[in-house]
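Hi everyone, and thanks for coming. Let me put the structure up on the screen, and then we can walk through it together.

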Amino acid sequence: QVQLAESGGGLVQAGGSLRLSCAASGSSRGITAGGWYRQAPGKQRELVSTITSSGSTNYADSVKGRFTISRDNAKNTVYLQMNSLKPEDTAVYYCNARVLTSWYWGQGTQVTVSS
């Protein structure tokens with residue numbers, strides 16, 4: 001069975017950077033497309049960024065120019081590089097990835113940005 005393992009969250013100061021990783025295991029096929037979502041306390045989960053099988057990327061307006069999504073096919077991993085972090089970026093970040101014909105969710109990783 002496919003599992004997505006997330007890592008890279010933590011506590012940073014405003015203006016700092018973090019890189020989130022989402023690694024797929026349990027399949028001979030890797031991640032073909034994916035996205036990152038985030039959910040702040042008391043709020044709904046929102047889409048942050050996506051990457052297609054062809055490598056095209058999209059970003060929410062709130063993170064455009066600061067975050068970068070990428071994929072390493074050899075490592076079956078999708079990344080989210082987060083720069084110039086703001087307190088409003090504080091949330092649990094979830095990876096959503098396509099492996100074969102199905103979509104899977106990661107367990108979430110906490111990102112906290114202090115003022």
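Here is a question to start us off: which residue in E3 is the bridge partner of glutamate 6? Before I answer, a word on what we are looking at. This is a predicted model, in which local features need pLDDT of at least 70 and side-chain atom pairs count only at pLDDT 80 or more, while totals for chains, interfaces and linings use all residues. Residues are numbered from 1 along each chain as its sequence is written, and side-chain values use heavy atoms, with hydrogens and water left out.

Now the answer: glutamate 6 has cysteine 22 as its bridge partner in E3. When I say E and a number, I mean a strand; helices (H or I, at least four residues) and strands (E, at least two) are DSSP runs, numbered from the N terminus. Strand E1 covers residues 3-7 and E3 covers residues 18-25, and the two run antiparallel, joined by five bridges. Two strands count as paired if DSSP finds at least two bridges between them.

Have a look along E1. Buried here means under 20% relative accessible area, exposed means over 50%, and partly exposed is in between (1.4 Å probe, protein chains only).

Let's step back to the sheet. Four strands make an open sheet in the order E1-E3-E8-E7, with antiparallel pairing. E1 and E7 stand at the edges with a single partner strand each, so one side of each has no neighbour in the sheet. From one strand to the next, the twist averages 15°; axes are lines fitted to C-alpha atoms, for helices over the stretch in contact, and angles run from 0 to 180 degrees between N-to-C directions. E7 and E8 pair antiparallel over six bridges, and isoleucine 69 stands opposite leucine 80 in E8.

Back to cysteine 22, please. The structure holds one disulfide, meaning a pair of cysteine sulfur atoms within 2.5 Å. Cysteine 22 and cysteine 95 form that link, with their sulfur atoms 2.2 Å apart. Cysteine 22 lies in E3 and cysteine 95 in E9, so the pair ties together parts that are 73 residues apart in sequence. The link is left-handed, with -85° about the S-S bond. Cysteine 22 counts as buried because its relative accessibility is 0%, and cysteine 95 is buried too, with a relative accessible area of 0%.

Next, the core. A nonpolar core is a set of buried Ala, Val, Leu, Ile, Met, Phe, Trp, Tyr and Cys residues joined through side-chain atoms within 4.5 Å. The largest one has 26 residues, and those with the most contacts inside it are Trp36, Phe67, Val78, Leu80, Met82 and Tyr93. E9 gives the most to this core, with five residues. Leaving aside neighbours within four places in sequence, leucine 80 is in contact (heavy atoms within 4.5 Å) with residues including Leu20, Trp36, Val48, Phe67, Ile69 and Tyr93.

One last stop, in the loops. Asparagine 76 sits between E7 and E8, and its phi is near 50°, a positive value in a residue other than glycine. Asparagine 76 counts as partly exposed because its relative accessibility is 21%. Serine 84, in the loop between E8 and E9, also has a positive phi near 50°.
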